[in-house]
Amino acid sequence: MTVPTGPATAPSDDPAPDRAPVGVPDRVPWWRHAISAVVLVGLLAVAGVVADTAPSGGGWQAPIDVDGRVGETVTGRNIEATVHGVRAADSVLTSNGWQGVTTGVWIVVDLSVSTVVDDRGTLLAGGVLRVGDRSYSASDRPGLSVLADQSLSVGIPLTGPLLFEIPRDDLDSSDGRSARLELGLGADPRVDSRLVVPVDLTTLSVEPTIETAEPVLGDPAGEEAG
Amino acid sequence: MRARAKALGEKVPTKYVVTGLTGVVLLATAGFGGLADAPATALPAVGAGESVTGAQLRIAVERAVLIDGFPEQHIVPDPGNRLLVLVTEVENLTDVPVSTSNELGAADNLRPVGVPGLDAASEPFTVVVLDDAAALAELQPRVPVELAYIWQVADDALAADDPIEVDVYDKTYRAEGFVTYGARYENPFVTARAELEVDDVGAGGDG
């Protein structure tokens, strides 16, 4: 009779005689390192692309442009305007007797503008003529005889002129061909509607003098308001 | 080789190395003038009508006039004062309109010097477009405008044909920041001195 020996007492051969001694970590195969490196580079590349294409400060605060043309009614969130015409002159006589003198040339924009949803504290402070890299603000020298900084009403268009002083060279330049009239409520155009109407300054002939009419409520051209 | 350098580094106390290097750098500055004061550059002097081109504006002070007031334009000094008017031609060299107000605009760019009662901090009484006396106008890019810078001075502060000096200031450009909107020009510094003679026109005409 033999007593079978249990597995615990059997002398056992080391099943993996080439394993490292206790306390030393296993060697990582070289291809695992390569895969980690490739994944890392890939993640960095993706992060780079995301960081590059994410909207910058200017991007997420940009004005919301609404495009239109001369003669069309262009409607933004709280501003609606119809540009009736654009003229150029050496000197302008406005309805309150102001006579404009400039070393450049006057651009006279006739337009009707109103607000859409509310009229609390709404002034037409954001009239800008952009020619190339330069922006020209609507002149307030004539005072109340132009629409610059005038108070606007909901649904009732205020019709009158806006005057811009620009250097005479801009009338013949390539920038003048792609000039834009930008209209907004505030002088700070960010994060609100901005009406953009392209204006070709090169087609304008400079008149010696222009007389402008007094700003009136309502649209004498007879177009429907709002 | 590395072991020897390391052993040497461990022997020398750090403070000797730092002091030694500082001494060497100071000795090297002797070759560039040492610790003497830098020579101050003299301010360029301009005459009447000569323009000074800055980073933001080109300014030419044309004439200086003493006048009682401009009653038709409602620009009237306090009793006992007269108006010192600097007639200038200003051109905006930037791409956006520049105001003529204080602290943000062209009103900061001129200051009379040596006039009793006025100093470098005296803001103008008003700055108006010469043709129509429009205040707070905006200077459009590349459109030169004649501006009248007006200060109040005491009746006896200046007389006809007195020489007057005017400091012309320039400003430094500061780009749009993370919490600020728009680039701006700030920190006016004197860039030239205009020398003129004062005309006294009494009460008549405009400047």
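Here's a short tour of a predicted model, stop by stop, with something to select at each one.

**Stop 1: where the chains meet**
Select chain A and chain B, then look at the place where they touch. Chain A brings 18 residues to this contact, and chain B brings 16. How much area is buried between chain B and chain A? It's about 1,400 Å², with carbon and sulfur atoms giving 55% of that.

**Stop 2: a salt bridge across the interface**
Now pick Arg141(A) and Asp132(B). These two form a salt bridge, and their closest N and O atoms sit 2.8 Å apart. Across the interface of chain B and chain A, one salt bridge is found. Colour the side of chain B that touches chain A by residue class: you'll get 10 nonpolar, one polar and five charged residues. There are also six residue pairs in polar contact across this interface.

**Stop 3: a patch on chain A**
Next, select Trp30(A), Trp31(A), Ile35(A), Val39(A) and Leu43(A). Together they make a nonpolar patch on the surface, with about 610 Å² of accessible area. To get your bearings, find Ile35(A) in helix H1 of chain A, which covers residues 30-53.

**Stop 4: a link within chain A**
Over all chains, the structure holds 20 salt bridges. For one of them, select Arg194(A) and Asp65(A), whose closest N and O atoms are 2.9 Å apart. Which strands does this pair link? Arg194(A) is in strand E10 (residues 193-199) and Asp65(A) is in strand E1 (residues 64-67), so trace chain A between these distant parts, 129 residues apart.

Definitions and conventions. Residues are numbered from 1 along each chain as its sequence is written. Chains are lettered from A and ligands numbered from 1 in the order in which they are written. This is a predicted model: local features need pLDDT of at least 70, side-chain atom pairs count only at pLDDT 80 or more; totals for chains, interfaces and linings use all residues. Side-chain values use heavy atoms; hydrogens and water are left out. Contact means heavy atoms within 4.5 Å. Buried area is the accessible area (1.4 Å probe) that two parts lose on being put together, summed over both. A salt bridge is a side-chain nitrogen of Lys or Arg within 4 Å of a carboxyl oxygen of Asp or Glu. A polar contact is a pair of N or O atoms within 3.5 Å; within protein, one must be able to donate a hydrogen and the other to accept it, and residues adjacent in sequence count only if both atoms are side-chain atoms. Ala, Val, Leu, Ile, Met, Phe, Trp, Tyr, Cys and Pro count as nonpolar, Asp, Glu, Lys and Arg as charged, and the others, Gly among them, as polar. Patches are made of residues with over 30% relative accessible area and no salt bridge: like charges are joined within 9 Å, nonpolar side chains (Val, Leu, Ile, Met, Phe, Trp, Tyr) within 5 Å. Accessible areas come from the Shrake-Rupley method with a 1.4 Å probe; for residues, only the protein chains shown count as cover. Helices (H or I, at least four residues) and strands (E, at least two) are DSSP runs, numbered from the N terminus.
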